[in-house]
Amino acid sequence: MLAILLVTGGLSQPYGAGGLAPHVVAAMGLTCVMTVYLGLDRVKLNAYQLSSLLNSSSIGMALGAAAMLVDKMAGGLLPFGVFPVLSMVFLIMTVGARLILKAVLMQIYKQQKMRKRVLIYGAGQTGQQLAAALATDIEVQTVAFVDDNPALQSLRIGGLTVYPPAEMDHLLRSKAIDTIVLAMPSVSQSIQGRIASRLKNSGCDVHILPSFADLVRPGALARQIPPVRLSDLLGRNRMEDELPGVRDTYTGRNILITGAGGSIGSELCRQLLQARPARLILLDHCELSLYRITQELAEISGPVDIVPVLGSVCEASLVRHTLAAHDVEVILHAAAYKHVPLVQANGIEGLRNNVLGTKVLADAARAAHVERFTLISTDKAVRPVGLMGCSKRLAELILQDLATRSTTTQFSIVRFGNVMGSSGSVIPLFQEQIARGGPVTLTHDDVTRYFMTLSEAVRLVLVAGAFSRGGDVFVLDMGAPVPIRKVARQMIEASGHTVRDADNPNGDIEIVVTGLRPGEKLHEELLIGSDMLTTPHPKIMRAQESHLSEIEMASLMQSLRLGIETRDMDSMNALLRRWVERAESGSETQDVATKIDPSRIA
């Protein structure tokens with residue numbers, strides 16, 4: 001009727017309401033059949049988009065064609081112009097009704113919920129796709145775009161204004177942003193990382209979005225391995241919030257971090273920035289690692305002076321010059337070779353870096369009257385069976401000896417287990433193996449390890465520096481050690497795969513036992529003795545352990561230097577058997593200098 005009104009201006013014979021009955025019946029029947037056939041009756045309001053609009057257009061055209069056919073069969077009662085208008089009226093009313101109803105329902109939902117306000121950094125194709133997807137979400141409100149491209153700034157895209165990055169701080173305050181999404185997949189990861197680091201202190205959640213095309217490329221989903229719950233890996237709850245803040249200990253100080261480009265060293269730098277030291281001196285012998293952490297910190301350091309120093313802790317002249325030139329007050333010593341099989345295969349260099357490097361740095365710190373010196377050690381230093389553990393135990397002995405004779409420098413040691421996500425740790429290795437389709441390699445069915453998060457480990461280091469009285473060995477109450485087989489199974493299942501074993505021969509990924517590598521222990525320990533002292537925090541323990549005398553230490557270092565210079569591994573082996581705590585009484589003695597097949601080094 002509406003189409004006839006629009007074309008003719010009114011109803012008159014011979015096509016009154018009764019005369020149009022065949023047309024109405026045919027139109028309604030065809031509309032119902034095509035709606036069901038095309039599935040429009042099953043399309044939700046928030047999913048009514050371009051494809052549904054095209055289907056509605058198809059029904060409208062079919063409706064007009066059917067009405068014209070019926071009219072011809074009835075003798076041509078209606079003008080030709082009625083039929084295209086009928087199709088247009090149907091399309092407008094169908095689409096309009098859905099859009100109006102959708103808008104009403106969305107407004108009702110919005111008033112009932114506290115919506116998360118999102119800012120999209122990047123107004124390109126990925127950002128526009130994200131904004132379109134979020135527009136249908138009742139729990140999220142996209143507020144604006146930010147983009148570096150001057151050609152896009154001040155434009156409106158999808159109803160949202162594009163702002164320049166210079167207005168970011170104003171936007172965050174004025175528009176109460178909760179979440180920032182970086183939608184710039186074409187930009188390099190380093191640039192995305194710098195932008196994310198710069199925004200991390202804004203108080204908003206920051207997420208990096210890959211391109212939607214990347215998500216469907218071969219192997220892309222396999223690399224998206226969901227993380228295992230941290231409480232399962234740790235065997236306990238996380239403790240970052242339980243460890244006290246120690247900002248005052250480091251505020252306004254000149255702090256040297258050795259190994260600053262490594263996993264722990266770089267996280268130390270990030271957390272120390274929050275304490276607002278006067279200067280961070282970053283020492284690392286790897287040029288690339290030092291460059292990366294320096295660039296990252298430069299974006300977020302604010303008034304803190306960042307000083308990169310390229311070189312090794314074994315270079316005494318470099319160490320002395322660095323301490324004097326920058327008036328270093330606190331040293332956090334994270335520089336070490338830590339990969340067990342590699343150090344086992346390169347024992348001389350492992351001992352040179354981990355032991356002599358610590359001695360050089362500690363002696364220089366004492367001579368320069370540095371206030372605090374904290375060594376980052378490992379649970380592998382407790383009754384070690386490999387060269388890496390022996391080298392770290394010798395480094396502990398050096399500090400314990402100096403602590404008995406130092407009146408100006410407080411030396412302390414922090415000992416903890418595996419740090420999740422650090423370079424060379426088991427978690428990234430399992431992730432890579434699962435992404436390749438397996439197998440996942442396990443050194444022994446019964447092997448267990450203690451785990452810490454990176455933030456826990458770094459917080460413990462900073463707390464220990466504040467608690468130190470001189471010569472202390474601090475350990476964290478890390479709960480029960482975690483079976484590595486359990487970790488491997490959880491990660492395989494979390495990735496959507498099943499474990500292939502005797503009980504499930506049709507599983508996806510197999511766990512293969514390769515045998516303990518030279519220098520590895522079945523179970524790690526945190527304490528040499530049973531004597532424990534309290535600290536101001538119940539989760540942090542201070543070990544009471546024996547150490548060498550000054551004369552014994554001097555003899556040890558003299559023999560060690562001679563063995564390193566002559567590259568005499570036999571004398572090194574005898575030295576380690578003599579001075580370093582061995583396995584528990586009654587356990588099988590193991591030669592820490594055992595030669596290994598390089599092909600077995602992971």
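Student: Among contacts in the protein chain between residues at least 6 apart in sequence, what percentage join residues at least 24 apart?

Tutor: The share is 75%, where contact means heavy atoms within 4.5 Å. Please keep in mind that this is a predicted model, in which local features need pLDDT of at least 70, side-chain atom pairs count only at pLDDT 80 or more, and totals for chains, interfaces and linings use all residues. Residues are numbered from 1 along each chain as its sequence is written, and side-chain values use heavy atoms, with hydrogens and water left out.

Student: What is the average pLDDT of the protein chain?

Tutor: The average is 78, and 73% of the residues score at least 70; pLDDT is the predictor's confidence in each residue, from 0 to 100. Over residues 582-602 the pLDDT is below 50, although this stretch has 41 contacts in the model beyond near neighbours in sequence. Where pLDDT is low, the predicted coordinates should not be read in detail.

Student: Why does Ser 154 count as exposed?

Tutor: Exposed means over 50% relative accessible area, buried means under 20%, and partly exposed is in between (1.4 Å probe, protein chains only). Ser 154 has 63% relative accessibility, so Ser 154 counts as exposed. This residue lies in the loop between strand S2 (140-146) and strand S3 (156-157).

Student: What makes Arg 276 partly exposed?

Tutor: Arg 276 has 41% relative accessibility, so the label is again partly exposed. Its phi is near 55 degrees, a positive value in a residue other than glycine.

Student: Why is helix H15 called oblique to helix H20?

Tutor: The axes of H15 (residues 347-367) and H20 (residues 550-566) come within 10 Å and cross at roughly 140 degrees. That makes H15 oblique to H20, because angles under 35 degrees count as roughly parallel, over 145 as roughly antiparallel, 65 to 115 as roughly perpendicular and the rest as oblique.

Student: Which classes of residue form the contact of H15 with H20?

Tutor: The contact has seven nonpolar, one polar and four charged residues. Nonpolar covers Ala, Val, Leu, Ile, Met, Phe, Trp, Tyr, Cys and Pro; charged covers Asp, Glu, Lys and Arg; the others, Gly among them, count as polar.

Technical notes: Axes fitted to C-alpha atoms, helices over the stretch in contact; angles between N-to-C directions. Helix = DSSP H or I, 4+ residues; strand = E, 2+ residues; numbered from the N terminus.
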